[in-house]
Amino acid sequence: MGLIQREIEKVGIASIGVSIVREYTEKVQPPRTVFLRWPFGHPLGEPGNVKQQRAVILEAFRALYSITIPGEIVDLPFRWRRHDYESYVEPGLFEP
Amino acid sequence: MSITSRLKNRLIAKLITHYPSLAKGFIKAYAPWESHETIPWEPPTKPLSECKLAVVTTSGVHHHAQEPFDMQDNDGDPSFRAIDGTTIGGDFRITHDYYDHSDAEKDLNIILPLDRLRELQQEGVIGRLANTHYSFMGHIDGRHIATLSGHTAKQVAEKLRQDQVDVVLLTPA
């Protein structure tokens, strides 16, 4: 996936990737990544968990605007099936 | 690849999904392409509320009428499928033996979060959600790494550029 991300960024499009295998991302070095130590097939979380899916997307957007070092990986603090999304505070504006 | 080895891959994928520690050997054995080039860098120049966003996923999802990804080639299938964001929710199949997609079949948003992104568009967080998104099958290896980075990924990048997409969110499986 990181390879595709690199090609997308090369044509002038800003990109943010979600990773669930940190080792691959470290090798392939896509421009920006948020990492979750979650099972395969679940990059946005569990079926029907709207708050969880939304939190991952918003954290990806936050990283899209906050990462300043090419190749940086942000480790998200969400623990698989043990995180309380009720207390999640959504980021404000996404601006350069 | 024989039917037996495809079944074996699916069984391993199911086990790994439920017991992630088993994946360690798998991850070590699979050597992804390692980059020595400069990392491409094109940070966003506009607020997200003014950006057009598309999703690229490597989860192997596609429409029923589209040709399934090739699961016979040990190096994977480096081709892509264009996904219609307005119809995919009611018309999708996942062709991928290397992960357990039973949860994604219950709720496609866990690999392709278009419902969530539409909500964020309605709230004005995202300027506009593209109509067309792109799907690959992950797990590309051997000779197809070059096919992916030299051809098919470039084609998708060009299509996104022509569609005037500003931001791409990538989701794996």
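Biologist: Is B:His139 buried or exposed?

Modeller: Burial is read by counting neighbours. B:His139 has 23 C-beta neighbours inside 10 Å, and because the cut-off for a buried residue is 20 or more, it counts as buried. Keep in mind that this is a predicted model.

Biologist: Where does B:His139 sit, and what is its phi near?

Modeller: B:His139 lies in the loop between β6 (132–136) and α5 of chain B. Its phi is near 60°, a positive value in a residue other than glycine.

Biologist: Which residue of chain A has a positive phi although it is not a glycine?

Modeller: A:Arg81 has a positive phi of about 60°. A:Arg81 belongs to the segment after β3 (72–75) of chain A.

Biologist: How is the model scored as a whole, and what is the mean pLDDT of chain B?

Modeller: The model scores ipTM 0.98 and pTM 0.92. For chain B the mean pLDDT is 90, with 90% of its residues reaching 70 or more.

Biologist: Next, the chains. How many helices and strands are there in chain A, and in what pattern?

Modeller: Chain A has three helices and three strands. Along the sequence they follow the pattern α-β-α-β-α-β.

Biologist: What does the radius of gyration say about chain A?

Modeller: The value is set against the one for a compact globule. For 96 residues that would be near 12 Å, and chain A has 13 Å, which agrees. Taken along the principal axes, the C-alpha atoms of chain A fill a box of roughly 35 × 30 × 20 Å. Buried residues make up 51% of the 96 residues in chain A.

Biologist: How many helices and strands does chain B have?

Modeller: Chain B has five helices and seven strands. Starting at the N terminus, its elements run α-α-β-β-β-β-α-α-β-β-α-β. The radius of gyration of chain B is 17 Å, close to the 16 Å that the globule rule gives for 173 residues, so chain B is as compact as a globular protein of that length. Its C-alpha trace spans about 50 × 40 × 35 Å along the principal axes. Of the 173 residues in chain B, 38% are buried.

Biologist: How many residues of the two chains are in contact with each other?

Modeller: An interface can be described by residues, by elements and by class. Here 53 residues of chain B are in contact with 49 residues of chain A. On the chain B side, α1 (3–18), α3 (102–106), α4 (114–122), α5 (144–162) and β7 (167–171) each supply at least two residues. α5(B) gives the most, with nine residues. By class, this side of chain B has 33 nonpolar, nine polar and eleven charged residues.

Biologist: Which strands pair between the chains?

Modeller: Strand β1 (residues 14–19) of chain A pairs with β7(B) in the parallel sense, over four bridges. In β7(B), B:Leu170 is the bridge partner of A:Gly17.

Biologist: Which residues have the most contacts inside the largest nonpolar core?

Modeller: In soluble globular proteins, nonpolar side chains tend to be buried together. The largest nonpolar core in this model has 66 residues, and those with the most contacts inside it are A:Ile4, A:Ala60, B:Val56 and B:Val168. Helix α3 (residues 50–66) of chain A gives the most to this core, with eight residues. Neighbours within four places in sequence aside, A:Ala60 is in contact with A:Ile16, A:Val18, A:Val34 and B:Leu169.

Biologist: Is B:Asp100 buried or exposed, and what does it touch?

Modeller: B:Asp100 has 23 other C-beta atoms within 10 Å and is buried. B:Asp100 lies in the loop between β4 (93–94) and α3 of chain B. Not counting residues up to four places away in sequence, B:Asp100 touches A:Gly41, B:Ala13, B:Lys14 and B:Thr17. B:Asp100 and B:Ile16 are 84 residues apart in sequence, yet 8.4 Å apart in space, C-alpha to C-alpha.

Technical notes. Residues numbered from 1 in each chain as written. Chains lettered and ligands numbered in written order. Predicted model: local features only at pLDDT ≥ 70, side-chain atom pairs only at ≥ 80, totals over all residues. Rg over C-alpha atoms; globule rule 2.2 N^0.38 Å. Buried ≥ 20, exposed ≤ 12 C-beta atoms within 10 Å, placed from the backbone. Contact = placed C-beta atoms within 7 Å. Nonpolar A, V, L, I, M, F, W, Y, C, P; charged D, E, K, R; others polar. Pairing = 2+ DSSP bridges. Core = buried A, V, L, I, M, F, W, Y, C linked by C-beta atoms within 7 Å. pLDDT = per-residue confidence, 0-100.
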